[in-house]
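Subject: Structure handover

Hi,

Here is the structure we talked about. Please open it next to this email; my notes follow below.

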Amino acid sequence: MTLEKFFMENPKVGIGVSGGVDSSYLLYAAHKYDATIKAYYIKTAFQPEFEFRDAKKLSEQLGVELNVLELDIMSNASAVANERDRCYHCKKFIFGALLEQAHADGCKVVIDGTNATDDASDRPGIKALLELGVRSPLRECGIKKMELRRLSKEAGLFTWDKPPFACLATRIPHGQSLTSELLKRVEMAEESLSALGFSDFRVRVHDGAARLQFQADQIGQAITKRTDITKAVKQHFPIVLIDLDGR
């Protein structure tokens with residue numbers, strides 16, 4: 001199957017848009033193939049503000065209205081418990097709400113940006129999507145991550161080379177309960193590193209400290225800038241560690 005055929009067979013869709021490479025290209029493809037689109041961004045404490053900004057920017061670039069659903073993910077005890085199946089409970093919660101709204105808006109088919117590179121056997125979130133009946137056209141059409149980046153670049157999408165990003169909850173060790181305050185501290189620490197010129201890194205919580213994971217080719221730069229990094233991140237965490245193993 002091709003994306004063109006998918007949207008011919010499903011001419012009206014609700015799309016979950018995250019601001020990342022995958023869902024951005026999916027939104028572009030739905031628009032390109034003249035589908036009737038309802039695009040939704042789920043705003044929770046797990047998503048950083050820059051993802052929301054990117055989702056809005058992409059929607060404006062395509063001329064598609066972005067519907068924002070604000071959900072209190074912290075009210076979901078199973079997600080907040082942060083066990084190894086956290087992603088399952090989170091996806092079930094947010095896409096359950098998205099489905100409800102999409103169906104109310106007249107969209108029987110709801111799709112997301114899961115691509116063919118994603119391993120369903122290792123992704124509890126994909127299990128939740130399958131249970132809910134959410135379809136993943138990129139996966140169904142066999143489109144993998146590298147091809148998505150190429151297609152996005154050809155389409156002129158600014159997201160084409162955007163680094164992969166997992167939600168803020170992934171920065172907290174499994175078993176440690178999540179709080180809005182802790183997630184916000186992680187987000188602000190990562191924003192401060194972005195302002196210093198770093199990309200594709202993680203600020204992970206480690207026994208109350210911030211453990212910084214940079215790409216291997218940026219570790220030297222991080223060590224050179226350790227004074228600036230320490231000053232910036234210590235506004236949010238009392239101890240700052242650089243993981244020399246990198247990401």
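In what order do the four strands of the open sheet run, and with what pairing? The order is S3-S2-S1-S4, and the pairing is parallel. Keep in mind that this is a predicted model.

Sheet

The edges are strand S3 (66-70) and strand S4 (109-111), each of which pairs on one side only. On average, neighbouring strands of the sheet are turned by 30° against each other, direction ignored. Look next at strand S1 (residues 12-16). Three bridges link S1 to S4, in the parallel sense.

Helix H5 (residues 86-104) lies across S1, strand S2 (36-43), S3 and S4. Against S2, H5 runs at about 145°.

Cysteines

How many disulfides are there? The count is zero. The cut-off is 2.5 Å between cysteine sulfur atoms. Is Cys90 buried or exposed? Cys90 counts as buried, at 9% relative accessibility.

Over to you.

Best wishes

Technical notes:
Residues numbered from 1 in each chain as written. Predicted model: local features only at pLDDT ≥ 70, side-chain atom pairs only at ≥ 80, totals over all residues. Heavy atoms only, no water. Buried < 20%, exposed > 50% of the residue type's maximum accessible area, 1.4 Å probe, protein only. Pairing = 2+ DSSP bridges. Helix = DSSP H or I, 4+ residues; strand = E, 2+ residues; numbered from the N terminus. Axes fitted to C-alpha atoms, helices over the stretch in contact; angles between N-to-C directions. Contact = heavy atoms within 4.5 Å.
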